[in-house]
Amino acid sequence: MEMMPSEQNFVINVGANGKNVEVFAAEKGVHVEIGYSEGLEEQQTRLTIKGTIRDKVSDSTPVHLLLFGLDNTENWQWEMLSSVGLSSIQYDKGEMINIRAYLFLYAAGIFGILGLFLLFKNNGTKRNYAKERLLEFMDGAENQAAFEAGKRWFFIQDRRRYWNRCLILLFACGSGLYIFQEYLYQWFFLNSKDHIGLVFMLTLSIVSLGGAFEAYWAKKHMEVLTRENRPLTAAAAFLMEAAYGSYWHQSYCKKQVHNAAVGLARAGRYVQALKLADHEWKGVEEKKQMQLAHSNLRQVCFLGLERQQDLEAEFVNQKQLVKKYPGLKRMGEALILLTTIKKAYMDQKFAQVEAYINVYCERYPDAYHHIPLMPIEMKVYEQTGEIEKAKNICSHLLSYSPENIAVREAMEYGTCTYVESPGFLKDKTGFVLRMVMTGVLGFYIVLLGSVMFLGPHHWGADETEIYDETKAEKIIPRINESVTEKAEDESMETEESEAEQEPTFEIPASQAPGIKMDLPKDWNGLTVRKEFEGGCSFHQKKSYDLIGDGVLFYLQVYTDCSYVNLPDYEVWGYDGSYVYVMSRPTDVTFYMEDSAISEEYHNMLREISQIRDTFRIQSDTAKYDGYEFVFPNSSHSMLQEPDLWNLSAGRLRIAKNEIYARHGRLFTDEELQKYFNQCSWYEGTIAPEDFLENMLNETERFNIRLIQEQQKK
């Protein structure tokens, strides 16, 4: 449309027999607002176009607008109804250029380029080392069977990944094409952001779907080591993945090389495993989780090679890593416990070995974690005279693949009975997923093709008409009135002021429930809150601004029992293994050179007890009587020896017996019974002679044994 304005503002009414009518200004100086009115007749829509001329002189320069009728049929009709503020309108009605075929070819080209990129990405100097190690692996005659099985496993998983990526890529290209023709033109051409959220959500869904499939295939690729327990086969598969896999990042290659080294170590190839693991190792520059896994792998190799000094050094390194990076605590506890078992076995502490193994196997019941401990467990039973148990362990161990060094060592006691799993090279779940996705995409491609090529794309024959100005004062006010009435009828939402809102705090970097607490009103504007791993701290703002300190108190959640070593702490609440601890600094943290700041700091310290009264954990099972315990979480978290070093004999006695008291045990010792009767949580109902040890869980039994050992010392 070419319009000649007679006023600074203009309004045009257009009638159409479909709702998919859009408009954008071909002139950058024109601001266009679009609104729809009630239908004139059945299936008809009125489009009201409001325009404001910017930086232009009326009656001097024509204004150009484009109207799109996206009904996509030859039956689409429209007509000019009225206009205000224009002296004349000339419009050309014709066919819109069909760019869909070009877009389709463009998407196909992108798809082809990315496909070729994936195909040839397995070349490069970074892969040469993995290829060399793979050739060495192939040269060993004893490795041939494992190499062939590993190669089959790699090809199966690699084909699955390629299929997944190609389908996702095709879906992404096709969806992007459809989104462009249906929605994105409104963003690029019409300056409308109404559909950006839809585009974002669809893109996120595509990426999430692809990521879920990638994670699934990555997990399946690990099963040859974890579920099938075939370390040599796994080493071959992981080396092939590092040498020829279609990965994107070098960190992934390093991870596959590490997995291959783990397989070699489990097969007893310690020298090869060390050589593979240490290649291009960058030490502290590596990711912290990889550092811990690498240290554990080296420790296993040093143990097999009987390099005691190097073994001790890696054990110390693991402890330092866990202490330095709290996020490694869960993984580190497992590795340290495993090392502790082996050290206790070497020191011939068989009772301790058995207790630790029970705890370890309760946490990690799968065969992958159990196999390295089975020879130790078997020999412990032999040493303690429990021959029948030792035979059962040996029989169980011999049912796994002889690729494990533990199985080969046990073969001197009997014959290996391992049989390859019938579904080892089959994946029913993956097959179903592929079939479903193939069917969906097949339907999608047919639908896309019909939309892109079979539908009509004409908007009518070319024609040019001249439309003279008509008065529309009777139409426009009615539209404006309906919009105004709707706005007045809508209710207004009010936001709660900050002063009335209850402050909610989350414990960062933790799965622990969040907390709520009220700070004193006179603290408003006087505090600074800082977050750290597992907790937060509150500072006096004036001291913080001057010296960067001014700590009032720390609030931290613990999943272990190490908080007992804090010099000044209070347990504010607990929920299972999570203990919420408030602690205060032991030295001066406030700015001392200003007496007013010092006085304010000490006044704020005295008000911390008010905060404790409002402290609440966002969990239905939380409790707040933790001050009545030595260890509120000793039924859920394993104690460590350092947790007991600073406890007196009396506190150790209470710590041990509070585990029994939680289960309602009565005590023959009057002093103990009197003590627990004063505890709000205690309900004594079970006589000492009726109390059974199986009422305790493995963690509680372990903690009792550890406390008893400390009591003897």
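A residue counts as buried when its relative accessible area is under 20%. This predicted model is of a protein with 713 residues, 44% of them buried.

**Whole protein**
- The secondary structure consists of 23 helices and 17 strands.
- Of the contacts between residues at least 6 apart in sequence, 67% link residues at least 24 apart.
- The protein has an accessible surface of about 39200 Å², and carbon and sulfur atoms account for 54% of that surface.

**Strands 15 and 16**
- Strand 15 covers residues 569-575, and it is largely enclosed by the rest of the structure because 5 of its 7 residues are buried.
- Strand 15 pairs with strand 16, residues 578-583, in the antiparallel sense, with 6 bridges between them.
- Within this pairing, Glu570 has Met582 of strand 16 as its bridge partner.
- The hairpin formed by the two strands has 2 residues between them, and Gly576 adopts a positive phi near 65° there.

**Helices 21 and 23**
- Two packed helices are described by the angle between their axes and the distance between the axes.
- For helix 21 (residues 649-662) and helix 23 (residues 698-712), the axes come within 10 Å and cross at roughly 160°.
- Angles over 145 degrees count as roughly antiparallel, so helix 21 is roughly antiparallel to helix 23.
- The crossing of these two helices is left-handed.
- Residues making the contact include Leu652, Ile659 and Tyr660 on helix 21, and Ile704, Ile707 and Gln711 on helix 23.

Key:
Residues numbered from 1 in each chain as written. Predicted model: local features only at pLDDT ≥ 70, side-chain atom pairs only at ≥ 80, totals over all residues. Heavy atoms only, no water. Helix = DSSP H or I, 4+ residues; strand = E, 2+ residues; numbered from the N terminus. Buried < 20%, exposed > 50% of the residue type's maximum accessible area, 1.4 Å probe, protein only. Contact = heavy atoms within 4.5 Å. Areas by Shrake-Rupley, 256 points an atom, 1.4 Å probe, with all protein chains shown as cover. Pairing = 2+ DSSP bridges. Axes fitted to C-alpha atoms, helices over the stretch in contact; angles between N-to-C directions. Parallel < 35°, antiparallel > 145°, perpendicular 65-115°, else oblique. Left-handed = near helix turned anticlockwise from the far one by under 90°.
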